[in-house]
Amino acid sequence: MDSDADGDGCTAQVEDLVRVGFALGGDDGCIADARQHAAAFLDQAADDYGVLVPVRAKELTQLVVSELVTNACKYAPGPVLVELGLTAGAVEVVVWDSDPRVPAAWAADPGRIGRHGLEIVKAVTEGLSVESEAVGKRIAARVTLPGASGGTRLGG
């Protein structure tokens with residue numbers, strides 16, 4: 001069982017049904033590979049544990065993985081580590097990279113081209129956090145599954 005801080009500073013216990021991790025080299029195909037890994041993970045978890053992850057939650061998980069891995073590959077040298085977890089109420093996405101700089105969402109600007117990734121992730125997830133590590137940083141996000149307590153932000 002892992003401890004998980006929710007958005008209001010409270011700590012709740014989260015029991016993982018399954019958790020996997022994988023490393024990406026940061027090459028041109030790593031973002032698509034990360035999305036494929038996420039989809040395969042959710043399909044396998046549904047088969048093995050009987051947890052039906054709705055199509056919308058699966059798509060949002062792939063979007064979150066894509067945005068976080070894109071930022072890691074773009075700004076950090078070296079490998080990117082991704083960890084995916086499934087609980088009864090959420091899909092958890094964790095991305096680690098070697099760049100110690102902590103990203104921040106920019107103010108909304110419809111005229112800006114690019115640099116909207118963190119804004120998108122914040123809009124479709126619950127429990128986004130960024131932590132500095134001894135080397136680099138760790139970004140964690142949670143896509144709440146419909147019907148889970150605490151509400152859902154699957155609509156964006």
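This is a predicted model: local features need pLDDT of at least 70, side-chain atom pairs count only at pLDDT 80 or more; totals for chains, interfaces and linings use all residues.
Student: What makes the 31 residues a nonpolar core?

Tutor: A nonpolar core is a set of buried residues of listed nonpolar types joined through side-chain atoms within 4.5 Å, and the largest such set here has 31 residues, with L24, V64, V69, V82, L84, L86 and V95 among those with the most contacts inside it. Elements that each supply at least two residues of this core include β3, α1, α2, β4, β5, α3 and β7, and α2 gives the most, with seven residues.

Student: Which residues beyond its sequence neighbours is V95 in contact with?

Tutor: With neighbours within four places left aside, V95 is in contact with L68, V69, A72, V80, L81, V82, K137, R138 and I139.

Student: How do you know that the span of α1 agrees with what its 20 residues should give?

Tutor: At 1.5 Å a residue the helix should span 28 Å, and because its end C-alpha atoms are 27 Å apart, the two values agree.

Student: Which residues of α1 are called buried, and what do they pack against?

Tutor: Buried means under 20% relative accessible area, and in α1 this holds for C30, A34, A38, A39, F41, L42 and A45; these buried residues pack against β3, α2, β4 and β5.

Student: What makes up the lining of the largest pocket?

Tutor: The lining divides into nine nonpolar, five polar and eight charged residues, and α2 gives the most to it, with seven residues. The pocket holds about 460 Å³ of space, and of its 22 lining residues the closest to the centre are N71, Y75, P103, A104 and R115.

Methods
Residues are numbered from 1 along each chain as its sequence is written. Side-chain values use heavy atoms; hydrogens and water are left out. Buried means under 20% relative accessible area, exposed over 50%, partly exposed in between (1.4 Å probe, protein chains only). Helices (H or I, at least four residues) and strands (E, at least two) are DSSP runs, numbered from the N terminus. Contact means heavy atoms within 4.5 Å. The expected span of a helix is 1.5 Å times one less than its number of residues. On a 1 Å grid over the protein atoms alone, a cavity is a set of points where a 1.4 Å probe fits but cannot get out, and a pocket is an open set with protein on both sides within 12 Å along at least five of seven lines; lining residues have an atom within 4 Å of a point. Grid points are joined across faces, edges and corners, and a volume is the space filled by probe spheres set on the points. Ala, Val, Leu, Ile, Met, Phe, Trp, Tyr, Cys and Pro count as nonpolar, Asp, Glu, Lys and Arg as charged, and the others, Gly among them, as polar.
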